[in-house]
Structure formats: structure tokens, C-alpha cells
Protein chains: 2
Amino acid sequence: MRLSPLLTDLYELTMLAGYCREGMEAKPAAFDLYFRTNPFEGGYAVFAGLEPALDALAELRFAEDELAYLAGIGLFDEPFIAFLRDFRFRGTVVAPPEGTLVFANEPLLTVTGTLAETQLVETLLLNTLNFQTLVATKAARICHAAAGAEVIEFGLRRAQGPDGGVSAARAACVGGATGTSNVLAGMRFDLPVRGTHAHSWVQAFPDELTAFQAYADAFPDSTVLLVDTYDTLKSGVVNAIIVALRLRQRGHELRGIRLDSGDLAYLSREARRMLDEAGFPEVRILASNELDEQVIDSIRDEGGRVDIYG
Amino acid sequence: MRLSPLLTDLYELTMLAGYCREGMEAKPAAFDLYFRTNPFEGGYAVFAGLEPALDALAELRFAEDELAYLAGIGLFDEPFIAFLRDFRFRGTVVAPPEGTLVFANEPLLTVTGTLAETQLVETLLLNTLNFQTLVATKAARICHAAAGAEVIEFGLRRAQGPDGGVSAARAACVGGATGTSNVLAGMRFDLPVRGTHAHSWVQAFPDELTAFQAYADAFPDSTVLLVDTYDTLKSGVVNAIIVALRLRQRGHELRGIRLDSGDLAYLSREARRMLDEAGFPEVRILASNELDEQVIDSIRDEGGRVDIYG
């Protein structure tokens with residue numbers, strides 16, 4: 001995907017103009033990219049973001065409207081604008097494969113080339129690799145805590161804008177997540193997309209059972225019911241079991257239920273017991289609501305029966 | 001700018017398909033967008049992101065490749081794909097102007113329209129407004145702490161991908177920042193762009209004075225020198241004063257110096273004294289390095305003489 005070469009801090013361009021003026025732009029140079037502290041007080045990071053970074057480097061060129069903008073801000077002369085017009089990245093990048101465990105204060109990625117090439121791409125590389133590595137690391141920690149249960153990425157609505165959400169979905173899957181709610185990320189990176197319904201679906205119907213039944217009618221083979229809109233154990237799980245029985249009568253099986261509030265360890269244990277007693281040991285329990293590795297650890301410590309964390 | 005309507009959580013689409021199946025898609029509906037807690041343990045938030053959100057709603061439509069992707073994931077039938085092909089957002093949005101102070105648990109924005117319209121746009125609105133409001137709020141808090149000193153946004157290299165950086169620059173300026181280092185944001189939103197050179201510029205020359213002089217030669221009317229590469233007070237500020245004298249002899253004035261490490265309060269006081277004594281009371285002092293409102297407060301409490309925070 002094309003990234004604008006203007007996606008950079010201004011000083012990369014002013015320094016580059018200065019190097020050109022001094023005749024230093026073609027000097028050989030090398031930059032090491034590294035970080036100083038392992039994130040999340042952890043012992044490692046999971047390297048991610050390399051493929052989009054390399055794609056961006058391969059396609060890096062200034063468009064005419066971008067050159068016109070730069071010419072208009074009053075810092076750069078015509079020879080420098082002409083230099084940028086012809087600019088291509090022809091340097092070399094050495095890095096481990098994505099998903100590799102990496103550590104603080106070791107070179108994560110080394111860029112060699114001319115001083116111009118290595119200088120101009122600094123911000124782009126930091127922007128891409130810092131964030132995706134952070135997300136992949138967090139995802140790996142969460143997957144480790146989940147101890148074999150599935151983990152699905154649901155971060156889009158709190159991400160930093162469209163691309164923040166799309167690249168986070170990609171990086172989370174590098175770190176071990178098995179799917180994402182983000183449809184655009186699913187399309188762009190061929191990731192499994194996941195999701196069913198919200199509380200607003202239940203509220204749009206006269207009652208919970210009608211809402212559940214309507215959803216099951218629409219998606220008989222992929223129904224996951226959100227059971228905490230009114231009363232999780234007294235209403236939600238009971239109604240889910242009724243719908244599961246009706247689905248089975250028609251040759252389908254309920255896929256799962258989702259818990260999105262309350263004491264997830266307790267509710268998942270009780271829901272598991274109710275589902276098992278009703279003859280639905282295969283119905284999976286999905287838990288969501290601000291989960292991280294510490295919360296997942298505590299759910300497991302308390303005997304929680306969660307199959308999928310979202 | 002076009003945002004893909006696939007930039008949504010899958011469940012918005014599955015619910016929409018369900019509503020269509022039940023004949024409920026044209027029912028009138030209203031959604032209030034609100035947040036539960038003022039961020040940063042503060043008393044308010046600064047509303048931002050409305051214009052990009054409205055632009056996205058106005059241009060919301062599914063492209064053929066996007067419809068083909070949705071048809072291929074096995075959840076949606078042809079009538080629903082046809083419904084999406086014709087989908088346009090014709091609802092109504094009521095919101096305060098950007099930059100308005102807003103508070104937890106009040107409706108920030110109300111969307112009215114059909115159930116289909118109001119459902120489909122939820123993730124897009126949350127993604128755009130959550131993040132930009134958060135950044136504008138942080139920027140306003142920092143500007144308040146800066147007590148009249150300028151604040152410039154430098155966040156691109158740590159942002160969540162390209163758009164995270166671009167929209168953060170916009171939101172920071174809604175919150176009071178007077179410029180950004182992000183060139184693409186500058187072009188797209190007509191914001192002042194700021195920046196000079198990095199430590200690597202100094203390291204690329206045989207010595208600091210040569211590096212400073214080369215930069216001043218290239219940008220005689222907009223030179224800000226980063227003075228902490230080797231020894232801030234014994235080398236950096238001294239060399240900056242030498243370059244300031246040379247610039248003045250040629251009819252130019254040094255714009256500023258930048259401190260990026262160490263005790264910023266102490267270093268700014270000493271640098272101010274040295275610059276004043278050398279006859280440069282107009283040279284401005286810019287401080288950077290992981291600043292937030294608490295750090296800025298403490299710099300001011302300790303008598304720091306910072307004119308611009310970055």
C-alpha cells in the first residue's frame with residue numbers, strides 16, 4: 001500500500017535538504033533501530049510490522065501535489081524539490097522475520113544505504129514497527145495467559161483512527177490472536193473475521209428471547225448470543241438454551257454465548273454448568289470487556305470456564 | 001476523505017443483515033454517543049473529530065470489491081449485498097462544535113435515522129471521535145500547564161500507524177497545540193509544520209560547531225539548534241551562541257535552541273542566562289522529551305525558562 005513520504009517529521013526533510021546542500025547525501029550510512037525497555041515490564045517483545053514497512057519503502061516516492069506543498073512552505077529550494085522528485089529507496093534492510101522474539105537494546109532492524117535514504121525513512125519505520133511490535137507483544141502475552149483458549153481482537157473502536165485499528169488487527173494476529181472483529185483488516189490481510197451482535201440488538205426487540213431467536217433465524221450456523229443485557233444467569237443463559245434447543249430441532253447447533261460484564265469467572269462457571277446440564281457441552285463461552293493478561297490470569301485462577309477471549 | 005465502510009466491527013454488519021431479514025431496517029432509531037469517565041482523572045474533555053466523522057458519513061458507500069469480499073465470507077445473502085450496494089447515510093447528527101468542553105455521561109453526539117443507518121455507523125463514529133477527543137483533551141491539559149508557552153505536537157513516530165499520527169496532529173491542534181512535526185498532517189489540514197534537526201545530524205559531521213554552522217547555512221532564517229548531543233552547557237549552547245553571532249553578522253537571527261534530555265528546568269535557566277548575556281534575549285528555548293502536563297508543571301515550578309514545549 002502506498003504511504004505518502006510526507007508521513008514524516010519535518011526535520012527529516014530539513015536535515016536531508018541540509019545534507020544535499022553540503023554534498024553529503026550520497027555518503028554511506030547505517031541506522032540501527034532498537035528500543036530501550038521491553039514493554040509491559042516483560043522479558044521480551046514480538047517483532048511485527050516488517051512486511052508493511054518494506055512495502056512502503058519499495059513504493060516510496062513523492063507525488064506532484066506533495067512536492068508542490070513542500071515547495072510552498074518556504075524552506076526548500078527548487079534543486080532540492082527536484083532531488084525529492086527522483087528519490088527512491090534503494091538501501092538494504094536487515095531484520096528478523098515477523099513474530100520473532102526480540103529484546104531491548106539489540107538492533108531490531110538495520111538500514112544501510114546513502115545518508116539520504118537512511119535519514120528519510122526513519123519516522124516511517126518507527127511509526128510502523130513501534131506500534132505493531134507493541135501490539136503483537138501484548139497479544140502474545142494475552143495468548144500466553146489464555147493458555148490455549150482462543151483470543152480474538154476487538155480493538156477497532158478504541159484505536160487511533162482507521163489505520164490504527166487495521167494495523168493493530170494485523171499485529172495482534174502476528175502475536176497469536178486467531179481473528180479480528182475488524183472487517184477491513186480481514187479483507188486486507190486475509191484474517192478470519194468474528195462477531196455476532198451487541199446489546200442494542202437485544203434492545204431493538206420486544207424481549208430477549210425474540211431477539212435471540214431472530215438472530216438464530218438469520219445465522220443458524222454461526223450464532224453466538226450475548227447473554228448479559230438484562231440478567232445473565234436468570235434470563236440470558238436460559239433464553240440461549242431455549243434457542244439452542246430450537247436450533248437443534250432444525251438440525252443446527254448454537255455456536256456460543258458471550259459474557260460482556262460482571263464476574264466473568266463466576267458467570268462462566270455457572271453458564272458452563274447450565275449449558276452442560278441442558279445437553280450443550282459443545283456450546284462455547286466467549287468473554288469480553290477490557291480483558292488483559294492479568295484479568296485472564298485471575299479468571300483462570302478462579303476456575304473460569306472461558307473458551308474464547310475477545 | 002473516503003473511509004471504507006468495512007472499517008467496522010463485523011457484528012454491525014451481522015446485526016444489520018438480521019434487521020433486514022426481520023423487516024426492521026427502516027424503523028426509526030436514535031443512538032447517543034457518550035463516555036463514562038473524564039480522561040486523565042480530569043474534570044472535562046475537549047470534543048474533537050467531528051469534521052472527519054461527518055465527511056466519512058457523507059461519503060459512506062460500499063465499493064464493488066468490498067461487496068465481493070462480504071459475499072465471500074459466507075454470512076450474507078445476495079439481497080443483503082444488494083441492500084449494501086445502495087446504502088447511503090441520510091440520518092441526522094447533532095453535536096457541539098469541535099473544541100467544546102464536554103463531560104462524562106452526557107450525550108456527546110446523537111445520531112437519528114433508520115435502524116440500519118444508525119447501527120452501521122457506530123464503530124466509525126467511535127473510532128474517529130474517541131481518539132481525537134482523547135488527544136485534544138490531553139493537548140488542552142498540556143497547553144494549560146504550559147501557561148502561555150507554545151506547544152507543538154511531535155507524536156508521529158509513536159502513533160498507531162499513519163492515520164493515528166495524522167489524526168492525532170489534527171486533534172492536538174484542536175486542543176491548543178500551535179503546530180506539528182507531521183508533514184502529511186500539515187498538508188492535509190493546513191497546520192503549521194515545525195522541526196529542525198536530530199542528534200544524527202550532529203553525528204554526521206566531524207564536530208558540533210561544523211554541524212550547527214551547516215544547518216544555519218542551509219536555513220539562515222529558521223534555525224533551531226539541538227544542543228544536547230555532547231554536553232548541553234559546555235558545548236551545545238556555546239556553539240549555538242557562536243553560530244548566532246555569525247548569523248547576525250550576515251543579517252539573520254538564530255531562532256532557537258532545543259533541549260531534549262537532562263534536567264530541563266536547570267538547563268533552560270542556564271541556557272537562558274548564557275543566551276541573554278551573549279546578547280540573544282530573543283532566541284527561544286524549546287524543550288522536548290516525553291513531556292506531559294505534570295512534567296511541564298514541575299519545570300515551571302523549578303523556574304524553567306522554556307518558551308516552546310514539543
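Modeller: Buried area is the accessible area, taken with a 1.4 Å probe, that two parts lose on being put together, summed over both. The model is a predicted one. Between chain B and chain A, the area buried in this sense is about 5,800 Å². Carbon and sulfur atoms give 63% of that area. Chain B brings 70 residues to the contact, and chain A brings 70 residues as well.

Next come the polar and charged pairs. Across the interface of chain B and chain A, 30 residue pairs are in polar contact, with both residues at pLDDT 80 or more. Salt bridges between chain B and chain A number 6. In one salt bridge, the side chain of A:Asp9 meets that of B:Arg157, with an N to O distance of 2.8 Å.

On the side of chain B that touches chain A, the elements giving two or more residues are α1 (10-21), α3 (64-72), α5 (115-120), α6 (122-146), α7 (161-174), α8 (183-189), α9 (199-203) and α10 (208-218) of chain B. The most comes from α1(B), with 10 residues. By residue class, this side of chain B divides into 36 nonpolar, 20 polar and 14 charged residues.

Chain B also has paired strands. Strand β1 (residues 28-33) of chain B runs antiparallel to strand β5 (residues 109-114) of chain B, and 6 bridges join them. Within this pairing, B:Pro28 has B:Thr114 as its bridge partner in β5(B). Strand β3 (residues 92-94) of chain B is likewise antiparallel to β5(B), joined to it by 3 bridges. Here B:Val93 has B:Val111 as its bridge partner in β5(B). In a regular strand, side chains alternate between the two faces of the sheet.

In chain A, one loop residue can be followed in detail. A:Thr223 sits in the loop between α10 (208-218) and β8 (224-226) of chain A. A:Thr223 counts as buried because its relative accessibility is 0%, and the cut-off for buried is under 20%. The side chain of A:Thr223 reaches the backbone oxygen of A:Phe219 at 2.5 Å. Leaving aside neighbours within four places in sequence, A:Thr223 is in contact with A:Tyr215 and A:Ala216, and also with A:Leu254, A:Arg255 and A:Gly256.

Terms used
Residues are numbered from 1 along each chain as its sequence is written. Chains are lettered from A and ligands numbered from 1 in the order in which they are written. Side-chain values use heavy atoms; hydrogens and water are left out. Helices (H or I, at least four residues) and strands (E, at least two) are DSSP runs, numbered from the N terminus. Buried means under 20% relative accessible area, exposed over 50%, partly exposed in between (1.4 Å probe, protein chains only). A polar contact is a pair of N or O atoms within 3.5 Å; within protein, one must be able to donate a hydrogen and the other to accept it, and residues adjacent in sequence count only if both atoms are side-chain atoms. Contact means heavy atoms within 4.5 Å. A salt bridge is a side-chain nitrogen of Lys or Arg within 4 Å of a carboxyl oxygen of Asp or Glu. Ala, Val, Leu, Ile, Met, Phe, Trp, Tyr, Cys and Pro count as nonpolar, Asp, Glu, Lys and Arg as charged, and the others, Gly among them, as polar. Two strands pair if DSSP finds at least two bridges between them.
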